[in-house]
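Reader: Before I use a structure, I want to see the grounds for the terms applied to it. Please show it and then take my questions.

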Amino acid sequence: MPSIYLIDVTNRDGVQTAKLGLSKLEKTMINIYLDEMGVFQSEFGFPTTRHETYYLQANLEMVEMGILKRIRLGGWIRAIVEDVETTFRLVPKIKHLNLSISTSDQMITGKFQGRKTRKDIVRDMVEAVKAARARGAETIGVNAEDASRTDLGFLIEFALAAKEAGADRFRYCDTLGYDNPFTIYDTCRRLAEETGMPIELHCHGDLGMAVANSVAGAKGVIDGGQDAYINTTINGIGERAGNADLIAVILAVTKSKGFAEKYRLAGNIRLNLASKIANFTSYAFSVPIPINQPGVGANAFAHASGIHADGVLKDPQNYELYGYEELGRGEPIKVETGREIITGQYTGIAGFRHVMGKLDVSFEGMTQKEINDILELVRYANVETHKPLVEDELLFIARYPQIAKKLLTMTPLAYD
Ligand SMILES: [Zn+2]
C-alpha cells in the first residue's frame, strides 16, 4: 500500500521568505530536530549558492558521522545542466536533488518572456536530469513550478519525459496556492495514474488551504496507486502566506476523520518533538507562533468559557481532539528572573564557563586552547544570530567543534 512521506522545506522555502532568514547553525539544528522526529527528507539548501557550500558539506559529513541518522538531505537547484555541474563541483557528496523549472503558460510568457517554449523547458529539464544521474545523484525529483496553472496534458508530458530521463519523483507545485482540495485531488490522481510516478505535493497558503490541499493531493496520489510526498515547513513559514505547516500536516493525516485508516504516514514520526521544533524555529526566525496555531499555539489547549472548561475537566475528549502530551507539551518552562549570564559575541571565559557549567558540560581533560576554541566558535555563532544561542546549539558546538567551525566559515568572492 502506498504511503505518505514528509519532505520538510523550511531550510529552502522557509529561508527564501522575504524579511526572514536562518543562520547556518540554526539550519543545522533544524536538520537535527527533523531527523529526530523521523521526517523522511530535509530540503536543506541551495547547492549553487556559495555562502551555503560549507554548511551543505558539513551537514553531509554529519550524515557520514552518524550525527544525522535517518534523514535524507536534498538540495534545490534550477533544472539546467549548468546548475547540476556547479552543484557537483561545490558539493560533490550530495546525493539527493530536486530540479525546478516553470511549466505554466503564464510563466512561459510572463517570466521567460518568449525566450523559452514548452519544448525548451522539457529539453532543459531532461538534460539536467541526465546530467545529475551521470554525476551520481541517487534520487532526483523534478519540480514543475506553477503546476496548478499548467495545462494538465503538458504536465503529464513533462513528467513522463522526466521519468524516462531517470527522475524518481515529480513535484506538483501549487506555487501560488491556487488549488482547492477538490481540484488538487483530481489533478494529482490523474498525474499518478498517467505517469506511474510518486508525486510530491508542494502547497502554499494564499487562500488558506495549504494543509487541506496537501492532504487532499496526497489522497489523490495514493488513490492513483503511488506514494505521496508532502512538502512542509515548520510553523508554515514560507513565501508570502507560507507553506503547509509540518505539525498541522501530521495532525491532519493522523487525526482527521477516518483518514489514517487508509492513508498512512511512512516511518515512525515522533510527534512528541513538535513543541520543541516549533519553538526553536520560532526563536530562530524571530517569528512568534500564532496563539491559535494547531497543536503548538499557546491557546491550542486553553479553555476559558464555563461550559468548555467544565467539559474538558470531566473528560478532555469532550473538547480536545488530541492530548497536549502527544505534542511534547506540559513541561513547565523555566524563566530566569534573577541574574543572567548569557553568551554573546563578546563573551569572556569566566561567563562561558558559568553557562556551560549550568549545562553540565565538563571541560575536564581539555586543554585551555581547546576550551578557548569552543568559546571562539560560540562568539562567531553569535555574530550570525545576534541572540543568545539555545542550549542545544551550545552543546552542539562543544561536541562537534570541527563541524561548527565549518558551518561558521564564509569567504566571499573566493571563486575558483
Ligand atoms: Zn514554495
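Author: What follows is a set of questions and answers on the terms used for this predicted model.

Reader: What makes strand E7 (residues 199-203) largely enclosed by the rest of the structure?

Author: A residue is buried if 20 or more other C-beta atoms lie within 10 Å of its own. In E7, 5 of the 5 residues are buried, so the strand is largely enclosed. Ile 199, Leu 201 and Cys 203 point one way, Glu 200 and His 202 point the other way, and all are buried.

Reader: How do you know that E7 pairs with strand E6 (residues 169-174) and with strand E8 (residues 228-232)?

Author: Two strands pair if DSSP finds at least two bridges between them. E6 and E7 have 5 bridges, in the parallel sense, and Asp 174 stands opposite Cys 203. E7 and E8 have 3 bridges, again parallel, with Ile 230 in E8 as the bridge partner of Leu 201.

Reader: Which elements make right-handed β-α-β units with E7?

Author: One unit consists of E6, helix H8 (residues 181-195) and E7. Another consists of E7, helix H9 (residues 210-223) and E8. The crossover is called right-handed because, with the strands pointing away from the viewer, the path from the first strand over the helix to the second runs clockwise.

Reader: How do you know whether the radius of gyration of the chain agrees or disagrees with that of a compact globule?

Author: For 416 residues, a compact globule would have a radius of gyration near 22 Å; the chain has 23 Å, so the two agree. The C-alpha atoms fill a box of roughly 70 × 65 × 35 Å along the principal axes. Buried residues make up 45% of the 416.

Reader: Which domains does the assignment give, and what is known of the contact between them?

Author: The domain assignment gives domain 1 (4-277) and domain 2 (349-407). Their centres, taken over C-alpha atoms, are separated by 34 Å. Two residues are in contact if their C-beta atoms lie within 7 Å, and 13 residues of domain 1 are in contact with 10 residues of domain 2. On the side of domain 1 that touches domain 2, the elements giving two or more residues are helix H2 (24-37) and helix H3 (53-65). H3 supplies the largest share of that side, 6 residues. The residues of that side of domain 1 divide into 7 nonpolar, 3 polar and 3 charged.

Definitions and conventions
Residues numbered from 1 in each chain as written. Predicted model: local features only at pLDDT ≥ 70, side-chain atom pairs only at ≥ 80, totals over all residues. Buried ≥ 20, exposed ≤ 12 C-beta atoms within 10 Å, placed from the backbone. Helix = DSSP H or I, 4+ residues; strand = E, 2+ residues; numbered from the N terminus. Rg over C-alpha atoms; globule rule 2.2 N^0.38 Å. Domains from an automatic or database assignment. Nonpolar A, V, L, I, M, F, W, Y, C, P; charged D, E, K, R; others polar.
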